[in-house]
Amino acid sequence: MGNSSAVPAAEAPNVPHLRSGELNRHSLHCRVCDQRYNLVDRRPLVLPCNHVICQMCIRRNFTTEQSNCPSCAGPFNASLSVLRLDPHIVRMIEFLNNHRINICDQHDHQLLNFFCKTCFRPVCPDCAILNHRDSEGHVVVSIDMAIEENFTLFDDIENTNTEALRNFQDTLLRYDGLLQMVENNEPNIEIRIRNKFDELRTLLAQREARLLLELGTMRGEKNASLRTERTRVGADISELSERLRDFRTARQEGNVRNVFRVFQELQGQAINDRHRDLESQLATHSRDANFKPKNEDKLVEAIDEFGEIDLACVIS
């Protein structure tokens with residue numbers, strides 16, 4: 001990109017010349033002077049046509065209130081008071097300006113101002129020369145270009161995983177609600193069972209006991225299963241929250257090493273598959289026990305088979 005972000009050819013014969021090529025609206029360099037934007041005297045100002053020019057070029061080259069864009073000839077008012085900053089470029093400048101923790105851990109005092117696309121990691125000039133040669137198949141660009149190329153991906157991965165986190169949290173609330181509904185529904189089933197067996201107490205005492213035992217076993221297994229799955233959802237939320245927190249912190253601090261590391265970890269997680277699996281299990285757990293007074297007309301002959309407990313009741 002700019003001269004400050006490329007290793008001189010004499011010092012790095014194996015590192016390609018790292019200029020940005022054709023400039024666009026989100027380039028870090030002014031399309032007029034080709035100097036890198038900053039937040040002092042070369043602030044990126046957006047013209048009505050959405051092209052961006054640095055503040056200094058506007059002061060030097062566009063002195064009248066009615067001027068024309070050098071890219072598309074679109075008219076604009078050159079008064080600095082009516083032009084706004086490009087927020088996307090400002091965010092990238094702020095991210096790249098923080099070099100306090102962007103130091104190579106292998107070469108003292110060397111900034112991580114390059115990026116190896118092949119290894120997907122930030123590198124310093126010495127690393128680029130020694131370990132990431134283009135002759136060995138490595139593609140090295142400036143860290144500015146890497147940040148610019150991946151900025152949208154960073155936003156996408158954060159937004160995707162933020163949405164996934166919200167989905168997990170919503171699922172956790174549904175599990176809590178389901179547990180509460182299961183507990184609230186239990187007395188209703190017991191009342192139905194007891195009322196029916198009160199009518200037939202003499203003949204059905206032993207069968208009643210067996211059905212209640214079966215209900216209790218099924219209820220215990222269901223509650224245990226629900227609580228186990230809820231614990232897994234909580235663990236998934238904790239893990240995803242921690243990774244998102246690390247990712248946001250790394251981006252805010254400008255820690256490019258951690259940004260790309262956590263980015264890869266978040267990409268590698270099967271978040272949506274895991275959540276679909278939980279949703280499928282949640283649908284299974286939505287069926288609760290029920291009592292059916294079937295075979296009542298044959299009760300005298302089939303007393304031992306009277307009634308059953310199943311999951312025919314769907315909790316809404």
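**Pocket, sheets and a bent helix**

Trainee: Which residues line the largest pocket?

Mentor: In this predicted model, the lining is made up of Arg91, Glu94, Phe95, Phe151, Glu158, Arg248, Arg251 and Gln252.

Trainee: And how do they divide into nonpolar, polar and charged?

Mentor: You get 5 charged residues, 2 nonpolar and 1 polar.

Trainee: Which helices supply at least two residues each of that lining?

Mentor: Helix H2 (87-97), helix H4 (143-199) and helix H5 (201-253) each do.

Trainee: How much space lies in there?

Mentor: About 150 Å³ for the largest pocket.

Trainee: Where does H4 bend?

Mentor: At Asn150, by about 45 degrees.

Trainee: Okay, switching to strands. What's the order in the sheet with E1?

Mentor: E2-E1-E5, an open sheet of 3 strands with antiparallel pairing. Strand E2 (52-54) and strand E5 (84-85) are the edge strands, and each pairs on one side only.

Trainee: How many bridges do E1 and E5 pair over?

Mentor: Strand E1, residues 44-46, pairs with E5 over 2 bridges. For Val46, the bridge partner in E5 is Arg84.

Trainee: What about the sheet with E6, what's the strand order there?

Mentor: That one goes E7-E6-E8, again 3 strands in an open sheet, and the pairing is antiparallel.

Trainee: Why is one side of E7 and of E8 left without a neighbour in the sheet?

Mentor: Because strand E7 (121-123) and strand E8 (140-142) stand at the edges, so each has a single partner strand.

Trainee: By how many degrees are neighbouring strands turned against each other there?

Mentor: On average 35 degrees in this sheet, with direction ignored.

Trainee: And what joins E6 to E8?

Mentor: 3 bridges do, with strand E6 (residues 114-116) and E8 running antiparallel. If you want a pair to look at, Phe115 has Val141 as its bridge partner in E8.

Note on methods. Residues are numbered from 1 along each chain as its sequence is written. This is a predicted model: local features need pLDDT of at least 70, side-chain atom pairs count only at pLDDT 80 or more; totals for chains, interfaces and linings use all residues. Side-chain values use heavy atoms; hydrogens and water are left out. On a 1 Å grid over the protein atoms alone, a cavity is a set of points where a 1.4 Å probe fits but cannot get out, and a pocket is an open set with protein on both sides within 12 Å along at least five of seven lines; lining residues have an atom within 4 Å of a point. Grid points are joined across faces, edges and corners, and a volume is the space filled by probe spheres set on the points. Helices (H or I, at least four residues) and strands (E, at least two) are DSSP runs, numbered from the N terminus. Ala, Val, Leu, Ile, Met, Phe, Trp, Tyr, Cys and Pro count as nonpolar, Asp, Glu, Lys and Arg as charged, and the others, Gly among them, as polar. Two strands pair if DSSP finds at least two bridges between them. The bend at a residue is the angle between axes fitted to the seven residues ending there and the seven starting there. Axes are lines fitted to C-alpha atoms, for helices over the stretch in contact, and angles run from 0 to 180 degrees between N-to-C directions.
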